Amino acid sequence: MSQFHTIRVNNRQTGEHLTVSVPDDQYILHSIEAQGYNLPFSCRNGACTTCAVRIRSGELYQPEAVGLSPELKQKGYALLCVSYARSDLEVETQDEDEVYELQFGRFFARGRVRFGLPLDED
Ligand code: FES
């Protein structure tokens, strides 16, 4: 039988604060969407980091979050599309591309070049 946990989400992009109850056997993102709320997502399979959040308090389980390095998991980041709640939680959405840039560096931020790469002058 499912156990339910209360999740509070600070959606920093929209300024929206959600409080929802989610079962421990359903992905958090899926459960929140089924209750009529929208949060950032893209791949839905733990690879792209679009759905990444910072965990402010509480615990979750994310064994399929292959797109997130062990280091960032330890720093308190999670991918909601493949996370299960293990307690009441408080999370906030990341800054745009924050996790992607932390993992892969600023030069190759998704979809755009932020700094010119040095050109060979010859
Ligand atoms: S939507 Fe891509 S990792 Fe969650």
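1. Leaving aside residues up to four places away in sequence, Ser 57 touches Asp 88, Leu 89 and Glu 90. Please keep in mind as you read that this is a predicted model. Ser 57 and Leu 89 are 32 residues apart in sequence, yet their C-alpha atoms are 5.5 Å apart in space. Ser 57 belongs to strand β3, which covers residues 52-57, and it counts as partly exposed because its relative accessibility is 33%.

2. Now look at the strands that pair with β3. Strand β7 (residues 89-93) runs antiparallel to β3, and four bridges join the two. Within that pairing, Arg 54 stands opposite Glu 92. Strand β5 (residues 77-79) also pairs with β3 in the antiparallel sense, over three bridges. Here Val 53 has Ala 78 as its bridge partner.

3. Which residue forms a salt bridge with Glu 92? The partner is Arg 54, with the closest N and O atoms 2.4 Å apart. Glu 92 lies in β7 and Arg 54 in β3, so this pair ties together parts that are 38 residues apart in sequence. Are these two residues buried or exposed? Glu 92 is buried because its relative accessibility of 10% is under 20%, and Arg 54 is buried too, at 13%.

4. Arg 54 has another salt bridge, this one with Asp 95, where the closest N and O atoms are 3.5 Å apart. Asp 95 sits in the loop between β7 and α3 (98-104), so the pair with Arg 54 in β3 ties together parts that are 41 residues apart in sequence. Asp 95 is partly exposed, at 35% relative accessibility. A network of salt bridges links Arg 54 and Asp 95 with Arg 12, Arg 56, Glu 92 and Glu 98.

5. The structure holds eight salt bridges. One of them joins Lys 75 and Glu 71, at 3.7 Å from N to O; Lys 75 counts as exposed, with 55% relative accessibility.

6. On to the nonpolar side chains. The largest nonpolar core has 26 residues, and among those with the most contacts inside it are Ile 7, Ile 32 and Leu 79. The elements giving two or more residues to this core are β1 (4-11), β2 (16-23), α1 (28-34), β3, β5 and β7. Beyond its sequence neighbours up to four places away, Ile 32 touches Val 9, Leu 18, Val 20, Val 22, Tyr 37 and Leu 39.

7. Finally, the cysteines. How many disulfides does a search of the whole structure find? The search finds zero. Cys 81 is buried, at 6% relative accessible area, whereas Cys 43 is partly exposed, at 29%.

Key:
Residues are numbered from 1 along each chain as its sequence is written. This is a predicted model: local features need pLDDT of at least 70, side-chain atom pairs count only at pLDDT 80 or more; totals for chains, interfaces and linings use all residues. Side-chain values use heavy atoms; hydrogens and water are left out. Buried means under 20% relative accessible area, exposed over 50%, partly exposed in between (1.4 Å probe, protein chains only). Contact means heavy atoms within 4.5 Å. Two strands pair if DSSP finds at least two bridges between them. A nonpolar core is a set of buried Ala, Val, Leu, Ile, Met, Phe, Trp, Tyr and Cys residues joined through side-chain atoms within 4.5 Å. A disulfide is a pair of cysteine sulfur atoms within 2.5 Å. A salt bridge is a side-chain nitrogen of Lys or Arg within 4 Å of a carboxyl oxygen of Asp or Glu.
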